[in-house]
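Please keep the sequence and the coordinates at hand while reading.

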Amino acid sequence: MLNENQYASSDRYQARLYLNTRFKTNPNSKFRWIFDCFPKREGLNVLELGCGTGLFWLANRNAIPESWSITLSDYSGGMLEKTRDTLKAVNREFGYEVVDAEDIKYDDRVFDIVLANNMLYHIENRPKAIMSIHRILKDDGVFVASTMGKNEMMELNRHLYDFLRTRNKDFKFSELPFSLDNGLEQLKTCFANVDIFRYEDTLKIDEVDPVVSYYLSFNGMYNDYVILEEKDAEAFKSYLRNVMDSEKVISVTKESGVFVCTG
């Protein structure tokens, strides 16, 4: 499913992150909100799968108990290098490991918390990954999995689809294979208790360049498919400027949250 080159470096990930942070209306950090779902006992052993650039831990650097042991993992060694650079600003030690979530090598029952932040929908063999996560958690451990819902970015996506039709291209994003709408059933195959918490937010977008960079970042993500061609980027910017001249800002639905799993 996922093209390995997509996450060989952090650039495309950063383009998506920038749009979602630059124009958000909820003043509270989503990363801190997710961290509030964690148990806060001393001496916990924590693993993050698919850690991205480490911004989750940068945002929560003042709240992490000193006694925690934290391992940050990613499928991409290139992404982990960016993570190391990001977390140089944090005065604590982190472990770094290249880990394939479909083939986790850790022993049974070693972690108190496992975090998968917007990454399970990239995993092809999710049943195997979820079973492995359950296996490496202690009996009283907690799995926190964030994801999105089917209405995520729907207004902005409609503008993309309308523009692509002017280029005789009929494209639509597929429903995520792991989302707020379908993730519960998948997680309940292994976890006895699964709670859903939703993060309330919208985007108010009044710039065109971040939108174009956002969609360019998806090129080649799945099966090398090119969603927005580079040669069409300027035309898409013009299209979006016309929309903003009319609407002033583009209001965009955000539909995200976390599953908190135990048992």
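## Basis

Contact, as used below, means heavy atoms within 4.5 Å. Helices (H or I, at least four residues) and strands (E, at least two) are DSSP runs numbered from the N terminus, and buried means under 20% relative accessible area, exposed over 50%, and partly exposed in between, with a 1.4 Å probe and protein chains only.

The model is predicted, with local features requiring pLDDT of at least 70 and side-chain atom pairs counting only at pLDDT 80 or more, while totals for chains, interfaces and linings use all residues. Residues are numbered from 1 along each chain as its sequence is written, and side-chain values use heavy atoms, leaving out hydrogens and water.

## Helix α9

What covers the buried residues of α9 includes α6 (154–166), β7 (202–205), α8 (209–216) and β8 (250–253). The buried residues in α9 are A233, F236, K237, L240, V243 and M244; seen down the helix axis, they fall within an arc of 120 degrees (taken from the directions from the axis to the C-beta atoms), so they line one face of α9. On the other side of α9, N242, D245 and S246 are exposed, and just after this helix K248 takes a positive phi of about 75 degrees.

## Aromatic pairs

The structure holds 25 aromatic pairs, where rings of Phe, Tyr and Trp (its six-membered ring) pair if their centres lie within 6.5 Å, with planes under 30 degrees apart counted as stacked, over 60 as edge-to-face and the rest as tilted. The rings of F38 and F56 have centres 5.8 Å apart and planes at 35 degrees, so this pair is tilted. Both F38 and F56 are buried.
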